[in-house]
Structure formats: C-alpha cells, structure tokens
Amino acid sequence: MRLGLVIYGSLDTLSGGYFYDRQLVDFLRAQGDTVEIVALPWRNYAAHLADNFSFRLPPGLDLLIEDELNHPSLLAANRLLAANRLLVANQRRAYPVISLVHHLRSSEQRPAWENTFYRQLEKNYLRGVDGFIFNSKTTQNVVTALIGDSRPAILAYPPTDRFGPPLAESAVAARAAESRPLQILFLGSLIARKGLETLLEALAVLPPASFRLDIIGSPQADPAHAARLRRKAQALRLTPWVIFHGALAEAPLAEKLAAADVLVVPSSYEGFGIVYLEGMRFGLPAIGTNSGAAAEIIEPGRSGFLIDPGDARALAENLRALAADRARLKELALGALERYRQQPGWPQTAADIRQFLLKMT
C-alpha cells in the first residue's frame, strides 16, 4: 500500500499519541508499505483553521490516515477530496480517509462555550472521513455519541511494550519492601491537562520527609505553564523534594521507572493513557482520574487509584496511605504488574490495523 499520515509537527514528538503514530508507521513500513508523512506546522487553533484556505491533501495514495488532532486544518481539504470522488456517478472518492482518534479536543476540560465550538468543528470533521482507528473504548464511545457508528472502525489499543518484558515480581516486591520515602514519578508533557499542579498541591500537605517526586516531561508544548509549575513548586516550598528532569531518553527513563514506587498523572482527560500501562510494566501502581479512559486501565484498590480531576485532597490521602503502608504498596505494585500482562500485544494489534486498512482500500 501507498499510505499517507497527516500530523502536526514532528513524528518524533515525545507524547503517547505520537508514540502510537510512530510505532504504527514503523510497523507498516516493515511490512513493505510506503508511508508518506504529511507534517503541518504546530501553531494555535485559529492559525490551523486558516490552513483550510491553502492546504490540500497529497495525490497518488491508496489511503490516507489523519491524526484527528489535525482536524481544524483538514475540513476544507477533506471536503474537496470528497467532491472529487465522482469520477462517474456513485463512485467513491479517489482514496479513503481514515481518522486515527486519540481523543477529541472537545472532551478536555474547559469552559462549556469553548467546547461547544470545538465539538461542532470536530463533528463536521468526523462526518467527513470514511472510517476510524480508535485507541480506546472511551474514545470510540465519545465519537459514536457525536456522529453515530455507521462508518467502519477498529479498536486498536496503543503499544505499551517499548521497554520489553515486565519487571520480575521478585524485584517489584523487594522494591516495595525498602524503608525509604515514597518515590513518586510524574511522566507527561508539562501542560495543564496533565494535572501536575494538582500533584504539587497534594504534596504540599504531606510531611516533607515522606516523599520524593521526579517530574519527567518536556516543557516545550506550553513553556508558560511549565514556568508556572516551577514557580508553584517554589511557592509551596517543595523544591528540596521535587526535581524537574525535562524529557528523558528511553534508557534513563527506564531507570527512573524502575526506581519509583508509584506513578501519578492526574490528567483532567486521557483518551487512553499509555503512560499508566508503561508504569505498570515496572510494577508501579497508577493514580489517574475518573475522567476519560484511565478507568479502562486502573482498577481502584487493585492496580492504583482514581480521583476526581483537581482533587488534591484525595490524591494526598492516597499518597499518604502508600507512604505509611509498604505492604499495601507491594499489593498494589503486584496488581499493577498483573494488569500490564493482560494488555494485548502491539504486534498483533498493528497487524489487525493493517488488515483493516487493506479492506478499506
């Protein structure tokens, strides 16, 4: 197949969604398919809408995959391609367009009037494609509620095995038994949606000697918010116990994951949450929120906890309990490891995606 993939920025961007896109491209190319990357520049939403005056989809493909994140730039281009579908009466467009949906922008927490605007644009975009790749049941259900389920679709969970086989149970149990401050890990871009501010507020009420927080994530997506987070850590007098590492390469990241006790990413919304399962590969109980797809991964009291978005008090209580009870920490760590082992493997999932794409061409 000759395929295209539309994204913003670089395929090497460090985020769960881009990791999914990158792994899918690598798999398709390994099967002998040609994949052309169509990269539009990262700008603000209004500038992306302006792309509709000039951007057109590439010719000569068998099928085009669009990361749904790009929806504001693609409304006119998709309509133009659809208008050219009738080479003769009732024939389909030149090639099918498949939307790869990680999560909808209108699912994120923001003022209702803003999401009403985004929802209408996303609804128009979603109605203009031929099929879907969904990363979670949650994402699929949100799209179905918005436009129905008349288009072909595949549910294809993201790859979570980039670090290899899971950590041994004995290593996880031995780590949990260590007498030390609770080693907390936050892993994600330093953007408001990821909930790091909530974590800092929770830590501010814990005894300082009871924890250490490693923050791993790029500040580049929202430098102003990243700067606010640093100032907040200083204002809360957390800096002796909180370290901002920035983005890390795979090997040092694996070292941090192996050394931690618990992964905390209290996002206001996740379309899936690759990070939770990646942490579980190392036996890390996960703390997320009950908004979005984290509940598909985290079973409260068994592999971690779910809180309401922004609920720093509940988060502090969970962390205090883990810091005080290493036996409970061990129980949850082993539960997280078991949950990781239940996740479908990426090679089979990617093969299923390819078969779906072949059927759509």
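Guide: Ala, Val, Leu, Ile, Met, Phe, Trp, Tyr, Cys and Pro count as nonpolar, Asp, Glu, Lys and Arg as charged, and the others, Gly among them, as polar. The model is predicted, with local features needing pLDDT of at least 70 and side-chain atom pairs pLDDT 80 or more, while totals for chains, interfaces and linings use all residues. Residues are numbered from 1 along each chain as its sequence is written, and side-chain values use heavy atoms, leaving out hydrogens and water.

Visitor: How many charged residues are in the lining of the second largest pocket?

Guide: A pocket is an open set of points on a 1 Å grid over the protein atoms alone, with protein on both sides within 12 Å along at least five of seven lines, and lining residues have an atom within 4 Å of a point. For the second largest pocket there are 13 lining residues, with Q109, A192, R193, G195 and S268 nearest its centre. By class, the lining holds three nonpolar and six polar residues, and the charged ones number four.

Visitor: Which residues line the largest cavity?

Guide: A cavity is a set of grid points where a 1.4 Å probe fits but cannot get out. The lining of the largest cavity divides into no polar, no charged and six nonpolar residues, and these are L5, L24, V25, L28, V35 and I65.

Visitor: Is R237 buried or exposed?

Guide: R237 has a positive phi of about 60 degrees although it is not a glycine. Buried means under 20% relative accessible area, exposed over 50%, and partly exposed in between, with a 1.4 Å probe and protein chains only. Because its relative accessibility is 69%, R237 counts as exposed.
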